[in-house]
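Below are my entries, in the order I looked things up.

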Amino acid sequence: MSVEKTEALVIGAGQAGIAASEHLGANGISHIVLERKRIAERWRSERWDSLVANGPAWHDRFPGREFAGDPEAFVPKEKVADYFEAYAQQINAPVRCGVEVTKVSRLEGRPGFRVETSDGVIEADYVISATGAFQQPSIPPLVPASVPVAQMHSSQYRNPAQLAEGAVLVVGAGSSGVQIADELLASGRKVYLSVGPHDRPPRAYRGRDFVWWLGVLNKWDAEANPASEHTTIAVSGAHGGHTVDFRKLAARGMVLLGRTESFEEGAFAFAPDLARNIEAGDANYLSLLDEADAYVAANGLDLPQEPEARRIGADPACMTDPILSLDLAEAGITTILWATGFHCDYGWLAVDALDGAGKPRHQRGVSTVPGVYFLGLPWQTRRGSSFIWGVWHDAKYVVDHIAKQRGYLAYAPAVAPVTEPA
């Protein structure tokens, strides 16, 4: 069987893979993009029905194409997937859908990699893993399968009608958990929400969306540190975009709980940290307002004042008298929805590019193994890496590195003329 050859092979045709293809093409680097399903598949089939982008259309996009419609709108997930399909066509990205990569290994005795796929073998000088970090749903092994309650990850949730009748416990209060809990509450469900430590930025302030504030305050370029890398962000683009306010959710009937600690004999135990977590989120929220106000004053901007934004509501009863134990049967809970994130899975990558926990060893996407690159990782280069526009810039950095390596490898010193001895 013949072996196909290419300079670069990109694995995954989501936002990271399409961005990589654009930069590879611009640098004249021949490449192939392999996608096991469809372009931007996770946007289509692995998120809930009402999901919208967490940033407005004017910001959450690639530089080379705008979203149709209102630039201030938060684009529905299907339209986001359509955008990436159209972008791939626009740049003539060499995407092959329905092809799964099963193994990547080094070539023996020569540079490059052997890539085994469901459609044959490809040899490549460079391999870019654009599969991201959100590959396998992460569910804490707390509740045995024998417990008579449905358990699902947020990636499996589609809409309230999907769930059995009864109350729902949502574990995790980041963007996904908060938005799903809010939707379930609006549908008439009794909802319990376990809230851990989090940041809670304002959706908008003084007439500007928070993505604008993070831009002018130079926070998008903040680099990762051990604390920030694992911070949960409670922000929402739902209903036209609004600031997440846990006190308002409680006022509407949602029962807030502290961080989930354990499960035993049909009951969950929660840490006594709910008030502390919410107050820390409030402090994060107010600190950004302070920075925004200082920026307005320092630059003489004519932006309307918004004193109401600083008004923090009264603590609900679930904060002042927290629930530390919750019996599922007594509470009528029939579904546990785990909004607890994902873990990576690079089982197909048979080169020494991962640490002991199976995570990529890299610097700004450049692997410790020459010729292997990663894209789509949270905090890959900066805070903005998780956003659509951020991964485009990360891809540029990675492809620029490949272009530099090509230059070094193409170097051949001039042969000095041979002179006869006198």
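Helices here are DSSP runs of H or I with at least four residues, strands are runs of E with at least two, and both are numbered from the N terminus.

Ground rules, before I go on. I am reading a predicted model, where local features need pLDDT of at least 70 and side-chain atom pairs count only at pLDDT 80 or more, while totals for chains, interfaces and linings use all residues. Residues are numbered from 1 along each chain as its sequence is written, and side-chain values use heavy atoms, with hydrogens and water left out.

I checked burial next (buried is under 20% relative accessible area, exposed over 50%, partly exposed in between, with a 1.4 Å probe and protein chains only). Ten of the twelve residues of H1 are buried, so the rest of the structure largely encloses this helix. Among them I noted Gln15, Ile18, Glu22 and His23. Just after H1, I found Gly28 with a positive phi of about 70 degrees.

Then I looked at how helix H1 (residues 15-26) packs on helix H3 (residues 77-90): the angle is about 20 degrees and the axes are 10 Å apart. Axes are lines fitted to C-alpha atoms, for helices over the stretch in contact, and angles run from 0 to 180 degrees between N-to-C directions. H1 and H3 are therefore roughly parallel (under 35 degrees; over 145 is roughly antiparallel, 65 to 115 roughly perpendicular, the rest oblique).

Which residues of H1 meet H3? I listed Gln15, Ile18 and Glu22 in H1, which meet Phe84, Tyr87 and Ala88 in H3 (contact is heavy atoms within 4.5 Å). The residues of this contact divide into four nonpolar, one polar and one charged. Nonpolar covers Ala, Val, Leu, Ile, Met, Phe, Trp, Tyr, Cys and Pro, charged covers Asp, Glu, Lys and Arg, and the others, Gly among them, are polar.

**Entry: H4**

I ran the span check on helix H4 (residues 175-186) too: its twelve residues should span 16 Å, and the end C-alpha atoms are 17 Å apart, which agrees. Ten of the twelve residues are buried, so H4 is largely enclosed by the rest of the structure. The cover over the buried residues includes strand E9 (167-171), strand E10 (191-194), helix H6 (246-251) and strand E17 (333-338).

Is Ala40 buried or exposed? Ala40 counts as buried, at 3% relative accessibility. I found Ala40 in the loop between strand E2 (31-35) and helix H2 (41-45), with phi near 55 degrees. Asn92 has a positive phi of about 55 degrees although it is not a glycine. Asn92 lies in the loop between H3 and strand E3 (95-97) and counts as exposed at 64% relative accessibility.

**Entry: Cys318**

I placed Cys318 in helix H8 (residues 317-320), and at 11% relative accessible area Cys318 is buried. Leaving aside neighbours within four places in sequence, Cys318 is in contact with Ala250, Leu256 and Leu274.

Notes: Expected span 1.5 Å × (residues − 1).
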